[in-house]
Amino acid sequence: MTSPLEDLIRTTLTDLAEEAPTVQDQLPPAERRARTRRRATVTMGAVGTLAAVLIAAPLAIAQAGSDAPRPAAPTAPTPSPRSAEPVPSPSSDPTPAPRPPLPSPSAPQTPPPPGVPSPARAVPSEPPAASPAHPGAPRPPGVPSPIDTRTPGPTPSPR
């Protein structure tokens with residue numbers, strides 16, 4: 001015989017069991033996640049090992065060296081010396097006119113005599129001589145070109 005209280009508990013549990021959703025088995029999805037995680041770990045380990053070998057092998061070979069001589073490094077181009085233009089002999093040059101002496105900076109300034117033109121106002125009759133700053137400027141005849149005294153730029157280091 002059952003008591004009315006036991007019948008009430010039994011009916012309530014039956015009603016609850018009928019209304020509850022069915023629970024799926026949790027084991028297959030958990031196994032699948034574990035397998036995926038394991039595959040990813042092994043794959044990443046293999047990729048890391050391969051990367052370490054690919055990076056370290058050339059460095060190890062370069063460090064060890066070989067018996068063969070090293071290849072020749074390219075040399076920096078050296079500027080060829082410019083051939084000097086022929087210098088005319090002093091006997092063939094006409095004697096240049098003597099130049100007036102330059103006043104010393106410490107000497108007192110004296111005005112020139114009234115009939116003599118001032119050297120500062122004189123107009124040069126010869127074209128200006130070429131300077132290193134203006135290599136294309138014309139030179140007066142008989143004046144040799146200056147030797148190129150520029151230093152070459154920095155040379156790249158072989159690497």
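How many buried residues are there among the 16 residues of H1? The count is zero, so H1 is hardly covered, where buried means under 20% relative accessible area, exposed over 50% and partly exposed in between (1.4 Å probe, protein chains only). Please keep in mind that this is a predicted model: local features need pLDDT of at least 70, side-chain atom pairs count only at pLDDT 80 or more, and totals for chains, interfaces and linings use all residues. Residues are numbered from 1 along each chain as its sequence is written, and side-chain values use heavy atoms, leaving out hydrogens and water.

**The chain overall**
- The protein chain holds two helices and zero strands; these are DSSP runs numbered from the N terminus (helices H or I, at least four residues; strands E, at least two).
- Of its 159 residues, 2% count as buried.

**Helix H1**
- From first C-alpha to last, the 16 residues of H1 reach 23 Å, close to the 22 Å expected at 1.5 Å a residue (1.5 Å times one less than the number of residues).
- Leu5 sits in H1, residues 4-19, and counts as exposed because its relative accessibility is 57%.
- Together with Leu8, Ile9, Leu13 and Leu16, Leu5 forms a nonpolar surface patch with about 520 Å² of accessible area.

**Helix H2**
- Arg33 lies in H2, residues 27-64.
- Arg33 also belongs to a positive surface patch with Arg32, Arg35, Arg37, Arg38 and Arg39; Lys and Arg count as positive, with the charge placed at NZ of Lys or CZ of Arg.

**How patches are drawn**
- Patch residues have over 30% relative accessible area and no salt bridge; like charges are joined within 9 Å and nonpolar side chains (Val, Leu, Ile, Met, Phe, Trp, Tyr) within 5 Å.
- A salt bridge is a side-chain nitrogen of Lys or Arg within 4 Å of a carboxyl oxygen of Asp or Glu.

Conventions: Accessible areas come from the Shrake-Rupley method with a 1.4 Å probe; for residues, only the protein chains shown count as cover.
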